[in-house]
Amino acid sequence: QVQLVESGGGLVQPGGSLRLSCAASKFTFSIYSMSWYRQPPGKERELVASISSTGYSTNYTDSVKGRFTISRDNDKNTMSLQMNNLQSEATAVYYCNRGYGVAATRHDYWGPGTQVTVSS
């Protein structure tokens with residue numbers, strides 16, 4: 001059974017930064033592409049960023065390009081999302097999951113997520 005645990009969320013002021021982490025277990029992390037997703041209040045869950053199994057290929061949704069950076073450490077079975085210059089639109093619960101460019105609706109399993117709130 002896949003296990004994913006997100007952490008690192010919190011309350012941050014506009015323009016601030018946060019670094020999210022995803023701890024993966026119970027599957028061979030290093031052979032899977034991974035992605036970050038988010039679900040803003042009252043909205044559907046959406047894909048934010050993806051990274052290939054080796055980390056060489058990444059992709060971002062347009063709204064976060066240049067401000068968010070996805071990375072991974074296959075030795076530690078972890079993935080991160082560095083978020084800079086955060087704005088209120090980034091307020092959401094953030095999740096990680098397997099796959100590259102996979103729509104959120106394709107996943108059956110989700111971890112608990114981590115709440116990010118951008119507010120002054």
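The model is predicted, and I take local features at pLDDT of at least 70 and side-chain atom pairs only at pLDDT 80 or more, while totals for chains, interfaces and linings use all residues. Residues are numbered from 1 along each chain as its sequence is written, and side-chain values use heavy atoms, with hydrogens and water left out.

**I51.** I looked up I51 and found it in strand β5, residues 46-51 (strands are DSSP runs of E, at least two residues, numbered from the N terminus). I51 counts as buried because its relative accessibility is 2% (buried means under 20% relative accessible area, with a 1.4 Å probe and protein chains only). Beyond four places in sequence, the contacts of I51 include M34, I70, R72 and Y100 (contact means heavy atoms within 4.5 Å).

**R72.** I placed R72 in strand β7, residues 68-73. R72 is buried but has no salt bridge, and the nearest side chain of opposite charge, D73, is 8.2 Å away (a salt bridge is a side-chain nitrogen of Lys or Arg within 4 Å of a carboxyl oxygen of Asp or Glu). I found a polar atom of the R72 side chain 2.9 Å from the backbone oxygen of F29, and one 3.4 Å from the backbone oxygen of S53.

**Disulfide.** I found one disulfide in the structure (a pair of cysteine sulfur atoms within 2.5 Å). C22 and C96 form it, with their sulfur atoms 2.0 Å apart. C22 lies in strand β3 and C96 in strand β9, 74 residues apart. Both cysteines, C22 and C96, are buried. The S-S torsion is about 70 degrees, so the disulfide is right-handed.

Methods. Helix = DSSP H or I, 4+ residues; strand = E, 2+ residues; numbered from the N terminus. Buried < 20%, exposed > 50% of the residue type's maximum accessible area, 1.4 Å probe, protein only. Lys, Arg positive; Asp, Glu negative; His and termini not counted. Polar contact = N/O pair within 3.5 Å; in protein donor to acceptor, adjacent residues only side chain to side chain.
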